[in-house]
Amino acid sequence: MSQALSADEVLALVPQQAPFRFIDEIISMDEAHIVGRYTYKTNESFYAGHFPNKPVTPGVILLETMAQTGVVAYGLYLLSLQLERSELGQWLTLFSDAEVEFSRPVYPGEQVTITAKKIFWRRMKLKAQVEMHNAAGELVASCVVAGMGVANNE
């Protein structure tokens, strides 16, 4: 078994980059869960049209945020427990499906905490229960999200 990656090492391997990375930090992670955090910047490009003069973070962006932490970053961590570090770059984690529920809006400047708990991890497929809370601890969205590792044939 390989040595687990640190939070900084996992973040360095996440393929999504600015302006489409929605993970500022990984707070904790182990074989059962991961916790990440992101603050939606007031100048994010999607706020200009969603909605003018009353910006709200689009649901698809909230889902992407949950998937980046709960599938991509978490999948990289779990993969690091099975493979050597030199092999990690040979895999790409792709989002495959989700069932999501939105509970309250997220506004520009708000910080959210994303917690994912593993439902299953086998044969390079990860399914997780993910919750997103705002800084006041209120549930803003939840989902069951899944993704799979595929060979990165560059």
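This is a predicted model: local features need pLDDT of at least 70, side-chain atom pairs count only at pLDDT 80 or more; totals for chains, interfaces and linings use all residues.
Reader: What percentage of the residues is buried?

Author: Of the 154 residues in the protein chain, 42% are buried. The cut-off for buried is under 20% relative accessible area.

Reader: Now the fold. How many helices and strands are there?

Author: The protein chain has three helices and six strands. Along the sequence they follow the pattern α-β-β-α-α-β-β-β-β.

Reader: Why call the protein chain as compact as a globular protein of its length?

Author: Compare the radius of gyration with the globule rule. The radius of gyration is 15 Å, close to the 15 Å that the rule gives for 154 residues, so the protein chain is as compact as a globular protein of that length. Along the principal axes, the C-alpha atoms fill a box of roughly 50 × 30 × 25 Å.

Reader: What share of the contacts joins residues 24 or more positions apart?

Author: Count the contacts with a separation of 6 or more. Residues 24 or more positions apart account for 64% of them.

Reader: How should I read a nonpolar core?

Author: In soluble globular proteins, nonpolar side chains tend to be buried together. Here the largest nonpolar core has 43 residues. Those with the most contacts inside it are Val10, Ile26, Tyr40, Met66, Val130 and Met132.

Reader: Which elements give two or more residues to this core?

Author: Two helices do so, H1 (7-13) and H2 (59-80). The strands are S1 (25-29), S2 (33-39), S4 (111-122), S5 (125-134) and S6 (139-151). The largest share, 13 residues, comes from H2.

Reader: Take Val10. What is Val10 in contact with, leaving aside neighbours within four places in sequence?

Author: Val10 is in contact with Leu5, Ile26, Met29, Ala73, Leu76 and Tyr77. Ile26 is itself among the core residues with the most contacts.

Reader: Next, Thr69. Where does Thr69 lie, and is Thr69 buried or exposed?

Author: Thr69 lies in helix H2. The residue is buried, because its relative accessible area is 1%. Beyond four places in sequence, Thr69 is in contact with Ile23, Ile34, Gly36, Tyr74 and Ile114. Gln90 is 21 residues from Thr69 in sequence and 20 Å away in space, C-alpha to C-alpha.

Reader: Move to strand S5. What is the relative accessible area of Gln129?

Author: Gln129, in strand S5, has a relative accessible area of 32%, so Gln129 is partly exposed. Set aside the neighbours within four places in sequence. Gln129 is then in contact with Thr115, Ala116, Lys117, Ile119, Ser142, Cys143 and Val144. Gln129 and Ile119 are 10 residues apart in sequence and 6.6 Å apart in space, C-alpha to C-alpha.

Reader: And His133? Which residues does His133 touch, not counting those up to four places away in sequence?

Author: His133 touches Gln111, Val112, Thr113, Glu138, Leu139 and Val140. His133 also lies in strand S5. Its relative accessible area is 21%, so His133 is partly exposed. His133 and Glu31 are 102 residues apart in sequence and 21 Å apart in space, C-alpha to C-alpha.

Reader: Last, charges. How many Å apart are the mean positions of the positive and negative charges?

Author: The protein chain has 12 positive and 17 negative charges. Their mean positions are 4 Å apart.

Notes: Residues are numbered from 1 along each chain as its sequence is written. Side-chain values use heavy atoms; hydrogens and water are left out. A nonpolar core is a set of buried Ala, Val, Leu, Ile, Met, Phe, Trp, Tyr and Cys residues joined through side-chain atoms within 4.5 Å. Buried means under 20% relative accessible area, exposed over 50%, partly exposed in between (1.4 Å probe, protein chains only). Helices (H or I, at least four residues) and strands (E, at least two) are DSSP runs, numbered from the N terminus. Contact means heavy atoms within 4.5 Å. The radius of gyration is taken over C-alpha atoms; the globule rule is 2.2 Å times the number of residues to the power 0.38. Lys and Arg count as positive and Asp and Glu as negative; His and the chain ends are not counted. The place of a charge is taken as NZ of Lys, CZ of Arg, CG of Asp or CD of Glu.
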